[in-house]
Each structure stands twice: as C-alpha cells, then as structure tokens.
Amino acid sequence: MRILVVEDEPTLLAQLVAAITAAGHTVEMARDGQEAAYLGEVEDFDAVVLDLGLPIVDGLSVLRGWRRQGRSMPVLILTARSSWHEKVTGMDAGADDYLAKPFHMEELLARLRALLRRLSPHSSALWHCGPISLDTRQASAWVHQVPINLTSHEFKLLQLLMQQPGHVLTRTQLAEHIYPQDSERDSNTIEVFVGRLRKKLPPGSIETVRGLGYRLVEVADHHADPL
C-alpha cells in the first residue's frame, strides 16, 4: 500500500518510515503542513499518518482541507495532546483513528492495518485467493501452504492485486504504489515484476487484460508441486 507520513520531528519521522516500509508499504514523507496538503491533493494514497502539531499549516487544517476537497483516504492522526477534547476535534475534522504520543510502533502498525482493511474485502490480516495466502502483518506469502520467497517489490505487487481480486490495475497504478514519489516510476518495469511473480504463483493466477493492465484471478485450489 502507498502511505503518506506527515511528521516534522526528524527522529520520529525516520522511525515511522522505517517501520511502515518494513511492513511492506511504499512510504512518502512530508515535514510540514503545506507540503502535506499539496501531496494529499495531487497524489493518491491508501492511508495517511498525520501529526497535528505541524509547522506552516497545522494538521487539523490540512485534514479539513482534504475532506472539503472530497479526499477520502483513511487518516490516522498523531498528537502529543491526549485530552478527550483534542480527540473529538480530530475525529470531527475527518480523522479515522487517533494515537497519542508517545506510542508503541506496533500499535501504530496495527491501527494502520485496521484502516487499510476497510479498503479491501478482507476482514483480517491474512488474505486468501485460491491456493495463494498473504499475511499483511508479516509481509509473507504462501502457495498451497508452502512459503514463497518474494522481493519487496514482488510482495507489494501481490498485495495490490490481492486487495481486490478480479479488479484490473493499470501499469501506472501499480508503479505509483510500488515506487516512492522521488524515484523514477517506469511502468515498463512492472512487466518484469509481473513476470517474476507469475513464476512463483500457480499458472493463470495473474491475467493480462490487453490495453488495460493486470488482475489476479482465483485458480483451482488443487494441490500442485510448489513452484
């Protein structure tokens, strides 16, 4: 998934980016409210981790601006203010969840997973599509209950396809979710990643929809020799 992290404290920002990236997501960063507001307006994110105490423009103003523009991505707000009044204000501004500082990183990741599950038909962190299984908590996958070794890009690609089985994703959509904003997003390399991933999945699992993109389909769940 593609996550925007907005935090002005350098150490915490680095910790958040490292933890969320290790969980298998692509992370973009913003260090002030002005930059965050712009990124949220022009880029598509699956979720946002938003600090309220930001320079230039405060987090609540950023969030209210996004909601006025119809931006509906889930937002987890962070704040050093722990009063119930601040929590209510943040939720009324359009936040989906709230976490007071200091916090345990595992709790933040758990809350982020819960927000992301709202975007998919999956009700838990363990996803299935025929003989393919994926654990979003452990960033791991199996075919016929046999672990498969995936690179970070291959895992992100499989997670995107498994989020909505049968739904066609374009090469551009896949590239935007796999590559960070400041890197070159070459949609042609998506074909390479798809080809590598196909070799690790049951034949026919990833269909090419000519002129559109790719989709994951459920193949027969009969046992076969692991690829």
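Helices (H or I, at least four residues) and strands (E, at least two) are DSSP runs, numbered from the N terminus. Residues are numbered from 1 along each chain as its sequence is written, and side-chain values use heavy atoms, with hydrogens and water left out. This is a predicted model, where local features need pLDDT of at least 70, side-chain atom pairs count only at pLDDT 80 or more, and totals for chains, interfaces and linings use all residues.

**View 1. The whole chain, to get our bearings.** The protein chain has eight helices and 11 strands. Of its 227 residues, 49% count as buried; buried means under 20% relative accessible area, exposed over 50%, and partly exposed in between (1.4 Å probe, protein chains only).

View 2. Look for glutamate 41 in helix 2 (residues 33–42). At 38% relative accessibility, glutamate 41 counts as partly exposed. Beyond its neighbours within four places in sequence, glutamate 41 is in contact (heavy atoms within 4.5 Å) with Trp66, Gln69 and Arg71. Tryptophan 66 is 25 residues away in sequence, with a C-alpha to C-alpha separation of 6.9 Å from glutamate 41.

**View 3. Arginine 71 meets aspartate 44.** These two residues form a salt bridge, with their closest N and O atoms 3.3 Å apart. The term stands for a side-chain nitrogen of Lys or Arg within 4 Å of a carboxyl oxygen of Asp or Glu, and the structure holds 11 salt bridges. The pair links distant parts of the chain, 27 residues apart: arginine 71 sits in the loop between helix 3 (59–68) and strand 4 (75–79), and aspartate 44 in the loop between helix 2 and strand 3 (47–51). Aspartate 44 is partly exposed, at 47% relative accessibility.

**View 4. Aspartate 97 with arginine 111.** Here the two side chains meet in a salt bridge of 2.8 Å, N to O. Because aspartate 97 lies in strand 5 (residues 97–100) and arginine 111 in helix 5 (residues 105–117), the pair ties together parts that are 14 residues apart in sequence. Aspartate 97 is buried, with a relative accessible area of 16%, whereas arginine 111 counts as partly exposed at 24%.

**View 5. Glutamate 191 and arginine 171, from helix to helix.** The closest N and O atoms of this salt bridge are 3.3 Å apart. Glutamate 191 belongs to helix 8 (residues 188–200) and arginine 171 to helix 7 (residues 171–178), so 20 residues separate these distant parts of the chain. Both partners are partly exposed: glutamate 191 has a relative accessible area of 42%, and arginine 171 one of 24%.
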